[in-house]
Number of protein chains: 2
Amino acid sequence: MEKLGTHILAEFYNCNLDTLNDHKLIEKYMVEAAKTANATVVTSNFHMFNPWGVSGVVVIQESHLTIHTWPEYGYASIDVFTCGGDVDPWLAFEYLKDKLDAEQTDTDEVPRGIIDNIRKHSNNKYKDIKYKVSV
Amino acid sequence: MEKLGTHILAEFYNCNLDTLNDHKLIEKYMVEAAKTANATVVTSNFHMFNPWGVSGVVVIQESHLTIHTWPEYGYASIDVFTCGGDVDPWLAFEYLKDKLDAEQTDTDEVPRGIIDNIRKHSNNKYKDIKYKVSV
């Protein structure tokens with residue numbers, strides 16, 4: 001199936017509690033995960049919540065990575081959304097699973113921007129639809 | 001089903017092309033969408049890509065909203081991820097559908113942080129699992 005992007009929704013269970021509550025470490029791992037997937041990092045933005053938890057995003061040229069952590073339950077919600085054939089979101093997933101010491105994970109891979117749907121819903125106005133690398 | 005968050009994955013087809021390519025307008029609409037859903041905005045970060053397209057994220061206290069636009073195909077990929085019972089992600093979706101003039105949309109609502117799974121995968125270490133409002 002032709003598509004513009006691939007989106008992994010990941011649930012990380014029973015992770016390292018200290019890691020999940022360390023926003024500097026989480027940011028470092030998320031940025032490194034993006035690079036591991038061969039993505040180009042545009043910017044990152046991470047926040048610590050009171051009393052616990054980290055929320056953050058890494059904007060990449062090829063879309064984004066996000067994380068929300070609940071250290072009090074050992075749980076993190078991670079999204080890796082990438083576009084184009086040069087980036088592999090599963091490499092980011094594997095990297096983070098290792099760094100966060102996730103004992104269990106659930107994942108779902110969702111196609112985004114399915115070409116046939118874009119064509120159909122635009123009355124076939126666009127013929128040559130593909131992901132183009134930004135320069 | 002008890003869960004920490006609700007995540008809407010939305011595909012917007014045949015939108016207004018000028019809107020999709022205007023990163024200031026897209027940012028304004030995304031921030032407004034978050035507020036419409038009753039979320040508390042922490043920060044937002046939007047980028048224009050060369051030659052076309054906008055990528056951006058709104059970090060909210062209750063998780064995040066993201067968008068990636070392909071003005072050349074009238075298409076946008078939108079995520080609205082919210083936690084807690086006081087925020088309704090569908091209000092953000094409806095707001096954006098209207099503002100971007102999306103003729104067609106596909107949506108998928110995914111539960112994030114399913115309580116039973118967090119319990120199961122942590123060997124029932126955590127009993128009282130719920131979303132807590134940050135203060």
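## Exercises on the interface of chain A and chain B

Across the interface of chain A and chain B, 4 salt bridges are found, a salt bridge being a side-chain nitrogen of Lys or Arg within 4 Å of a carboxyl oxygen of Asp or Glu. The model is predicted, so local features need pLDDT of at least 70 and side-chain atom pairs pLDDT 80 or more, while totals for chains, interfaces and linings use all residues. Residues are numbered from 1 along each chain, chains are lettered from A in the order written, and side-chain values use heavy atoms without hydrogens and water.

**Exercise 1.** Find how many residues of chain A and chain B are in contact, and how much area they bury.

*Solution.* Taking contact as heavy atoms within 4.5 Å, 54 residues of chain A touch 54 residues of chain B. The two chains bury about 4,400 Å² between them, 58% of it on carbon and sulfur atoms, where buried area is the accessible area (1.4 Å probe) lost on being put together, summed over both parts. Tyr73(A), Arg112(A) and His121(A) supply 16% of the area that chain A buries against chain B, more than any other three residues.

**Exercise 2.** Determine how chain A is related to chain B.

*Solution.* When superposed by least squares on C-alpha atoms of residues with pLDDT of at least 70 in both, chain A is laid on chain B with an RMSD of 0.0 Å by a turn of 180 degrees and a shift of 0.0 Å along the axis. That is the relation of a two-fold axis. Of the residues of chain A, Val57(A) comes closest to the rotation axis, its C-alpha lying at 3.8 Å.
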